Amino acid sequence: MVEPVSETIHFPSEEERILQFWKDEDCFRECLNQSKNRPKYTFYDGPPFATGLPHYGHILAGTIKDIVTRFAHQSGFHVDRRFGWDCHGLPVEYEIDKMLNIKGPEDVAKMGIAEYNKQCRSIVMRYSTEWEVIMRMGRWIDFKHDYKTLYPWFMETVWWVFKQLYDKGLVYRGVKVMPFSTACNTPLSNFESHQNYKDVQDPSIIVNFPLLEDENVCLIAWTTTPWTLPSNLALCVNPELIYVKVKGYIRLPFSGADLTAAALCLFLQDDYRVCMEYDIIQRDSPPICPVDSSGCFTSEVTHFAGQYVKDADKNIIKWLKENGRLVSAGSFKHSYPFCWRSDTPLIYKAVPSWFVRVEHMVKKLLDNNAKCYWVPEFVREKRFGNWLRDARDWAISRNRYWGTPIPLWVSDDFEEVVCVGSMAELEELTGSKVTDLHRESIDQLTILSRCGKGKLKRVSEVFDCWFESGSMPYAQVHYPFENRRDFEDTFPADFIAEGIDQTRGWFYTLLVLSTALFGKPPFKNVIVNGLVLASDGQKMSKRKKNYPDPSLIVQNYGADALRLYLINSPVVRAENLRFKEEGVRDVLKDVFLPWYNAYRFLVQNVQRLHKEENIQFLYNESTAKLSGNIMDKWIQSFTQSLIQFFKVEMAAYRLYTVVPKLVKFVDMLTNWYVRTNRRRLKGESGMEDCVWALETLFSVLFSMCRLMNISLTHFILYVVLPASQTMMLSFIYREALIDSRIESAVSRMQSVIELGRVIRDRKTLPVKYPLREVVVIHQDSEALQDIQSLQKYIVEELNVRQLTLSTEKDKYGIRLRAEPDHVILGRRLKGAFKAVTASIKELRSEQLETFQRTGSIMVDGHELHEEDLRLMYTFDQTSGMGTQYEAHSDAQGHLVPSDEIAVYYSSEPAGDYLDKVIQAHTDFILATTKAPLKPYPVPKNASIIVQERTQLKGSDLDLTIVRGVEICTAPLTGPVCAYVNLKVNLSNKQQEGMILLENPKGDNKLDLEKLKMVCRSIFRLNNGPLAVFSGTTELTGNSDLLALSGKTLLVNSGASPTEMNAPDALMCPYINLQLINASPAECHSGGMGTLLLANPVGQNGLHYPGLLTETAKMFGLRGRRLKVYMDEDFTEGISLWHVQKLIPPQLGGTECWKCTFHVVPSSASMVPL
């Protein structure tokens, strides 16, 4: 007996009930047991920091992982899903340092490493209970058999990975100037140092330096870091620059080559390089750096010993002034890097570190990256690909305590090195039993030298925690010490997923280690999600309280609603999502509640059937007879078509295409099938037909619940069935039920009903008022047969007595009329356009019917084609039919929801009732149409889709829908995108060029840090610090770069220019491009952009076919064939000859063009290509 269904439902409570059943029955473990003999589908779960709290980003990534792995399980694979924890490194240590007030290595030495690490271990899982929200989201993941980076067996594999690299000659010890966290007492990698820049006010001083040869002559130099002065060895001059010797009013210019080139202190990479080049220091000598790991001066700096370097600035300035060395002093505001963990200023200092060689294998990294399937694809080529191209050797060592120790035992002079790759090997070399690999367990172990150098001791450093997470594919299964064959049979992973920020983190370290170890990529498929932001577009902040607590969202709306909201958003396409609580609420309202009401309606009628007819409703999928009712066949076919689409899209990892189809299904089920079959479901057409309808409704509801349960939503199926009956369910695809002809017929029926509803609304005739007749005119007899087969539904839905079908439009006074396409004809006909337009409007219906058949017509001596005219149906006013009938057509331009349109309107008399209604409800109209609503006139160059004139409430309403962006015909005097000229003065080299601050227009806007990153790429600069000046003012993170568009900026290493007389004229040739009749892709929205034809000045000239390739990249249309037109009539396509003329003369061209070129994808129907 079917249980009654409540009129209302609280989805979160139902989910809690289901979660308890899963827990009681250990459902996840049971599913794994049942699938253990299937082929394996390998999934890697990136480890979050154990000391962090879960947020929407974790929920999003977890949802994506859960959807894909459940789908793989239901597709016939065995999928191990183990949760991982990143337990080592700065996140844990910094918490302990704050808790125990530890200031530096001396405090750790007093406490002892064993006690320090004990304290670290004690807080590792402090927030483990908060991570239960992952389980509350319905994710099936194995917490019991997890992996933690602190497990000895995990650490042993990390050792093995390192030994493989060492044996391949990929490990070296070097002294490099690196970003250094004084709060954490350790160097940071380049990608860590770029995570936290702030605008700060620093000292700005000019100091004199007497020459050794003549102390009466001084060089002067500027710095914002007075604390670096005590360790200055020399000054660096540029041999290509002109210097001036000043004595009184006498100025004597001379070349920098006449001076002895030397270097500054060892706190910048260029300083260190020049010191090496001029033998001021030697490669094997220890760095001259009187600053300890806590950022305090050592005893060598007698005046300031023990002072923190930043605090010592004032005292140093005072000393300089007292000793006559200070020329001037002031302050300077600029952008400065801070430690991502401690939020304290970083310093740059030369420190010995252990490195993994990466630069030599950049090509191999790019090749392996190309073998991976990325969703979205542009992340592979752009963000990740660009990072790989500039890859640098990886500093893997950290001067810390709580981490995996680097397994190198060395002699005092570092000439003898032993790399240990396992616990067994360490036991053999030391003669001691080893059960744990943390520092307190192995630091005291020594290895006897084979070269007579006494005892070898372990180096003090530990691994960067990113090295551990990059080793997780091997370490989580203790490879190669265990599970060797299982790992090798399933590597690379079939699937991983994380946020876009991991392009410089986990994705990168995975690829580097996999390429170095095995020469192949670590994964086959990857989904990259964007960032979840607060509703105002800001980063979610607990302090600002600018986002709702995830647990409250789940408590109020349920996990399924949150999951569906996230997956149906741009964040799954690596774009950012502004999280809005109302979006989750809308999923509940628009998807789950209509679905539940359909299910409740089914149950009510099953109970009625049993009560009134004593018929027990039992559904058996294998024995159920197929209904002969056309609507039953349609909804079954529609359901199976959706399942087919689902399989294809899920196999391609395109999660974002699935939910819109699912929402459409709910609409089709509730607003069409249930609505049009209510009487059948209630038994008004006989018991046999009633049972067929009930079985059909149950079948499609059951099929969709199973489909949704597999991936998108995990609780909804259990509302339909007792939990015990759902364990082995999977979706069943029955291709035989798909009938495209029936789906087409119902689609036509829906068009007729919707057009009829529009006419009723237009005439303010509610459906409750019956009408005598609806006439459907169509030239296709097959279409009329389809509509005839569904006559009873049309008559019932429109409340008309009679449906008349006809191919004879003349009988009803229907005539064709034509409207010109203003964009195409206006450009082609020029002055003749107005006269031809008048003639087009006078064309007879018979002439236009011939045009429909032949595709061409002569008007005033001009041959017109299909793309030149739009045909519409109207009443012949002389026939008298216009008073008896109201007409409407379904010729709507074949729009899809993603098409960009604008709606123009005119209401006459202006200010009358209808005009006031439009003005009062503009927001509602905008929310419904998802398109701008603009008053007439329609731009002459607009691509018109539909024009219509009607009467409502005594007013004349004109509506015009136009496609895409307006075509720019006005000449542009410069690049359409904001830009700056750059004069770069670095590394004894001067360069000039341009950087676009956005491209396409409105997209990819640069802030200061991105500007510096692009600058490094274009001008091939190293990773040293850059300063950007507008005049003599240095730009900061708060600078409005767009306000500087068209200006010339100076880039150097930090010295403030005294004066800059740089013209603002364009430095590089360019062209503007406009995308026509298409929308940009890859998260872009701008339809206009700019291409630089050479950059830097005189370099990298753009040749054919590079222009087409770069154009496709700019608009995100990779893989699309494009045509670029030079004229507004789209008649002259760009060619190799044109490109030769576009590029600058010094690169083989002849002139620079400044017009706008028009880009048309070859699939667009605007013009024949």
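User: What makes a residue "partly exposed" in this predicted model?

Analyst: A residue is called buried under 20% relative accessible area and exposed over 50%, with partly exposed in between. The structure is a predicted model. Trp153 has a relative accessible area of 27%, so Trp153 is partly exposed.

User: Why is Tyr151 called partly exposed?

Analyst: The relative accessible area of Tyr151 is 22%. Buried would require a value under 20% and exposed a value over 50%, so Tyr151 is partly exposed.

User: What makes the rings of Tyr151 and Trp153 a tilted pair?

Analyst: Two rings pair if their centres lie within 6.5 Å, and the centres of Tyr151 and Trp153 are 5.3 Å apart. Planes under 30 degrees apart would count as stacked and over 60 as edge-to-face; these planes stand at 35°, so the pair is tilted. By this rule the count comes to 50 aromatic pairs. Ring pairs also link Trp160, Tyr474, Tyr479, Phe487, Phe491 and Phe518 into a cluster.

User: How do you know that the charged end of Arg173 sits over the ring of Phe414?

Analyst: The definition asks for CZ of Arg within 6 Å of the ring centre and within 35 degrees of the ring normal. The charged end of Arg173 is 4.1 Å from the centre of the Phe414 ring and is assigned as sitting over that ring. Likewise, the charged end of Lys198 sits over the ring of Phe338, 5.0 Å from its centre.

User: Which residue classes line the second largest cavity?

Analyst: The lining divides into 6 nonpolar, 2 polar and 5 charged residues. The cavity holds about 100 Å³ of space.

Notes
Residues are numbered from 1 along each chain as its sequence is written. This is a predicted model: local features need pLDDT of at least 70, side-chain atom pairs count only at pLDDT 80 or more; totals for chains, interfaces and linings use all residues. Side-chain values use heavy atoms; hydrogens and water are left out. On a 1 Å grid over the protein atoms alone, a cavity is a set of points where a 1.4 Å probe fits but cannot get out, and a pocket is an open set with protein on both sides within 12 Å along at least five of seven lines; lining residues have an atom within 4 Å of a point. Grid points are joined across faces, edges and corners, and a volume is the space filled by probe spheres set on the points. Ala, Val, Leu, Ile, Met, Phe, Trp, Tyr, Cys and Pro count as nonpolar, Asp, Glu, Lys and Arg as charged, and the others, Gly among them, as polar. Rings of Phe, Tyr and Trp (its six-membered ring) pair if their centres lie within 6.5 Å; planes under 30 degrees apart count as stacked, over 60 as edge-to-face and the rest as tilted. Buried means under 20% relative accessible area, exposed over 50%, partly exposed in between (1.4 Å probe, protein chains only).
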